[in-house]
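Open your viewer and follow along, one selection at a time.

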Protein chains: 2
Amino acid sequence: MTTDIDVKVREVGLRDGLQSVQAFFPTPSKIAWIEAEAAAGVPEIEVCSFVPAKVIAQFTDAAEVVEASLQQTGLEVSALIPNKKGAERGFEVGVHKLNYVTSVSESHNMANVRRTVADSVAAFRDIAALRDQNPEWRNVKLAGGLSTAFGCTIEGPVDPVAVLKLAQAYVEAGADELSVADTVGYANPAQVKDMFVMLKRELGDVPLAGHFHDTRGLGLANVHAALEAGVREFDASLAGLGGCPFAPGATGNIVMDDLVFMLEAMGMKTGVDLDRLVAVRDIIARELPEEPLYGAIARAKPPKGFHPAGAGRQAAE
Amino acid sequence: MTTDIDVKVREVGLRDGLQSVQAFFPTPSKIAWIEAEAAAGVPEIEVCSFVPAKVIAQFTDAAEVVEASLQQTGLEVSALIPNKKGAERGFEVGVHKLNYVTSVSESHNMANVRRTVADSVAAFRDIAALRDQNPEWRNVKLAGGLSTAFGCTIEGPVDPVAVLKLAQAYVEAGADELSVADTVGYANPAQVKDMFVMLKRELGDVPLAGHFHDTRGLGLANVHAALEAGVREFDASLAGLGGCPFAPGATGNIVMDDLVFMLEAMGMKTGVDLDRLVAVRDIIARELPEEPLYGAIARAKPPKGFHPAGAGRQAAE
């Protein structure tokens, strides 16, 4: 993590947002989005998903998008991988970090990646071994994602003990960090705080990130609860891309611009220039005129007399 | 406060919401809204404002609305008052609680009620004396409202010391409780937690309520921060009535239905039946078809397997 920031925000809109958008987002516009956010000071972007093109056509340009992303100075470039094949593609194009996903809920994992949680962990172990055996790949970070950690649309409540077990299995298998995800927007602040307090107590100093969806309006309250438990890394999507007001159970990520505003207002440096970040929304609005964009700070503007906690990377030049 | 609840939610949509709505909301529909929310278990409703009709025409039916509200079993009926004349009207119609307002910011107080903060406090002292001198009015609670406590559209940042001074002046003048308000949606969770921790330390056991607007998306995160500081009373507006997506600086209250969902999901009993509460939105939607209604839980529904913290007053019968 960049040492001059207090909280690391990670853009996931190009993956978690775009994967639910039917229209193909043109490659030059994806790259423009990444360039503009990197220039605004966003330290990490999940730029694509290495899934088969027949599963999600949005990511057929993954290699090209990664290549352009790696040109951005100071940007940590990550990509989602569902399996070993995706990992190999990720290693080959040279991303800095691979975000592997397993659902804590067995039913959800079966529906999502068609195997048991144990088989998912075994595949992660193979990926870690693959990395460790290849000198060129040894510096690639592996993040273990724990989906449906706060509840599942199929099973309902999820046992925190199952979350801990998967987290421990990931760490034993070689994970460098973990991402604990409220994939379907079920979490509440009490649950979030309890979960992260427990995980930090049991896991020690493994870096933990929070990934929240704003499906039920509690996204930023959940971030606050995680902050209280000491979490300092969060995923978000610019303009909340990926939600849909017309679908019951809309599952948009929390809004990146509102997250940055909240953190900076709280005195926590993100390294991001809020004005420049908000301006990047224009790229999405231009390419996806039919898609609903979310966010309060873009509409209301920061309060009179508002001062960010720290100057952005660019602004500090 | 009802003893079988953990957190008291207070509906302010009939006052804070309707005061920004141009169309007159028919009296029978106001009463239907109050009856339905009381039946859903909402323990307190601010049913009107005792302001001159020429200032806000929405409240010309205040006496009739209060009379009907007082018929609801177990409902605490409150009303906003800007001055002594409003207080007299409130005492005469028999409300249970009068919510007096003063802005912490001198400029805002001058713009809002055309006098200094000191003059506002002096008028509050007169109101308390009026109450204490009249045996019939002696049981009416007086709440001191601290508007713009977290920032002001005219002055920008507001000094927490000024908030404490107004709070202490209110208590010395006879306030039974205080309501600390983020009138213009400037607050952030760190500020909210610090403010309430300080106020509770300095004021002792004076009941404190939080009043938040969701202008910049931080409303429920601010509630969570206040909960962490021990606050157990919150204002909210059903469907967030009063905000406007077309006006920069929209200032809607936090959404009552989302607030109740958050609290119940956290295991905190509100006494409110969430399903019945959400159904009351229909009354607003019918009367104000052009008005934007807000709220995530009404659209997304509670999570699978969701159990409220406690049965509502009605459901417990």
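Two residues count as in contact here if their C-beta atoms, placed from the backbone, lie within 7 Å. Keep in mind that this is a predicted model.

Begin by selecting chain A. Among its contacts with a separation of 6 or more, 73% are between residues 24 or more positions apart. The C-alpha trace spans about 50 × 40 × 40 Å along its principal axes, and buried residues make up 55% of the chain.

Now switch to a cartoon view. The strands form a closed barrel with parallel pairing, in the order S1-S2-S3-S4-S5-S6-S7-S8. From one strand to the next, the twist averages 25 degrees.

Next, pick residues 208-212 and 233-236 of chain A: these are S7 and S8, parallel strands joined by two bridges. Zoom in on A:His211, whose bridge partner in S8(A) is A:Asp235.

Then select residues 117-133 of chain A, helix H6. This helix packs on the sheet, touching S4(A) and S5(A), and its direction makes about 165 degrees with that of S4(A). H10(A) also packs on the sheet, where it touches S1(A) and S8(A); the angle between the directions of H10(A) and S1(A) is about 175 degrees.

Finally, bring chain B into view. Here 37 residues of chain A are in contact with 37 residues of chain B. Helices H8, H9, H10 and H13 of chain A each give two or more residues to this side, with H9(A) giving the most, five residues. Colour the chain A side by residue type to see 20 nonpolar, 11 polar and six charged residues.

Methods. Residues numbered from 1 in each chain as written. Chains lettered and ligands numbered in written order. Predicted model: local features only at pLDDT ≥ 70, side-chain atom pairs only at ≥ 80, totals over all residues. Helix = DSSP H or I, 4+ residues; strand = E, 2+ residues; numbered from the N terminus. Nonpolar A, V, L, I, M, F, W, Y, C, P; charged D, E, K, R; others polar. Buried ≥ 20, exposed ≤ 12 C-beta atoms within 10 Å, placed from the backbone. Pairing = 2+ DSSP bridges. Axes fitted to C-alpha atoms, helices over the stretch in contact; angles between N-to-C directions.
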